[in-house]
Every structure is written in C-alpha cells, then in structure tokens.
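The structure is shown first, and the description follows.

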Amino acid sequence: MKRKLAAHDNLKITIQQDGDKFNVKESSTFRSIEINFTLGVTFEYSLADGTELSGAWVLEGDKLVGTFVRKDNGKELKTNRAIVGDELVQVRFKGNVSSENDLLFN
C-alpha cells in the first residue's frame with residue numbers, strides 16, 4: 001500500500017542554504033513539512049509514513065549525503081541528493097538496493 005501511495009506523492013522540495021545551515025521545505029499530496037539542519041549535526045526526522053529517523057546530512061562535493069538510522073529497528077538508510085541540470089536527483093540506499101527519483105526543484 002505504501003508504494004502505491006508514494007507513486008502519487010508529487011513531492012516538491014525547496015532548499016535554501018546559508019553557509020552550513022539548510023532549510024528544506026517538502027510539499028506533497030500527503031503532507032508539507034519544513035526541516036532545518038546544520039551539516040554534520042544529528043537531528044530527528046519522520047518520513048511521510050511515520051517512520052522516525054535520527055541522522056545527519058553532509059556535503060560531499062556537489063552532493064548532499066544523508067545517513068539516517070531508523071528508530072524502530074536500527075537499520076541504516078542513506079540518501080544522496082544532487083542537482084543535475086534543472087532537476088534534483090535523489091538516490092536512496094537500503095542495504096544493497098538503491099532507487100532513484102527525479103524531483104521538481106524550486
């Protein structure tokens with residue numbers, strides 16, 4: 001069911017950077033949230049399905065690289081975000097599996 005809902009999510013992300021501080025606004029069919037974080041500093045975050053995470057983003061070259069741990073089962077999730085042309089490309093990693101999304105970039 002979650003995968004069917006995610007297919008209709010229409011996620012839009014706005015990212016603002018001020019030095020090592022970021023403001024990210026995520027707007028979708030199911031929710032809108034605003035996240036503020038500092039590179040390298042651990043923070044708490046909840047996915048759209050309610051999964052709670054703890055982790056941090058770092059900048060590696062031109063990519064934002066996030067490493068998070070699920071609070072419910074301790075599994076690690078990694079995400080890379082990079083601007084390619086006029087799109088924000090997000091690649092998520094879970095174990096040896098990855099998935100890529102092209103997102104609208106504001």
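## A salt bridge between partly exposed residues

Lys71 has a relative accessible area of 48% and is therefore partly exposed, the class between buried (under 20% relative accessible area) and exposed (over 50%), taken with a 1.4 Å probe on protein chains only. The side chain of Lys71 meets that of Glu44 in a salt bridge, at 2.2 Å from N to O; a salt bridge here is a side-chain nitrogen of Lys or Arg within 4 Å of a carboxyl oxygen of Asp or Glu. This pair links distant parts of the chain, with Glu44 in strand E4 (residues 43-46) and Lys71 in the loop between E6 and E7, 27 residues apart. Glu44 is likewise partly exposed, at 49% relative accessible area.

## Basis of the values

The model is predicted: local features need pLDDT of at least 70, side-chain atom pairs count only at pLDDT 80 or more, and totals for chains, interfaces and linings use all residues. Residues are numbered from 1 along each chain as its sequence is written, and side-chain values use heavy atoms, with hydrogens and water left out.

## Overall fold

The protein chain contains 1 helix and 9 strands, in the order α-β-β-β-β-β-β-β-β-β along the sequence. Helices (H or I, at least four residues) and strands (E, at least two) are DSSP runs, numbered from the N terminus.

Of the 106 residues in the protein chain, 30% count as buried. The chain exposes about 7100 Å², of which carbon and sulfur atoms supply 49%; accessible areas come from the Shrake-Rupley method with a 1.4 Å probe, and for residues only the protein chains shown count as cover. Among contacts (heavy atoms within 4.5 Å) between residues at least 6 apart in sequence, 12% join residues at least 24 apart.

Strands pair if DSSP finds at least two bridges between them. E4 and E5 run antiparallel and are joined by 4 bridges, with Tyr45 partnered by Leu53 in E5. Their hairpin has 5 residues between the strands, and Gly50 takes a positive phi near 95 degrees there.

Strand E5 (residues 52-60) is joined to strand E6 (residues 63-70) by 8 bridges, again in an antiparallel arrangement. In E6, Ala56 has Thr67 as its bridge partner, and Trp57 has Gly66. The E5 and E6 hairpin has 2 residues between the strands, and Gly61 adopts a positive phi near 65 degrees. The E6 and E7 hairpin has 5 residues between the strands, and Gly74 in the turn has a positive phi of about 75 degrees.

The structure holds 3 salt bridges in total. Side chains of opposite charge can pair when their charged atoms come close. One of these bridges joins Glu26 and Arg81, whose closest N and O atoms are 3.3 Å apart. Because Glu26 lies in strand E2 (residues 21-27) and Arg81 in strand E7, the pair ties together parts that are 55 residues apart in sequence. Glu26 is buried at 9% relative accessible area, and Arg81 is buried at 10%.

The side chain of Glu26 also makes a polar contact with that of Tyr45 at 2.9 Å. A polar contact is a pair of N or O atoms within 3.5 Å; within protein, one must be able to donate a hydrogen and the other to accept it, and residues adjacent in sequence count only if both atoms are side-chain atoms. Beyond four places in sequence, Glu26 touches residues including Leu11, Ile13, Ser32 and Ile35.

## Another charged pair

Arg70 and Asp72 form a salt bridge through their side chains, at 2.6 Å from N to O. Arg70 is buried, with a relative accessible area of 18%, whereas Asp72 is exposed at 55%.

Leaving aside neighbours within four places in sequence, Trp57 is in contact with residues including Phe37, Leu39, Phe43, Leu64, Phe68 and Arg81.
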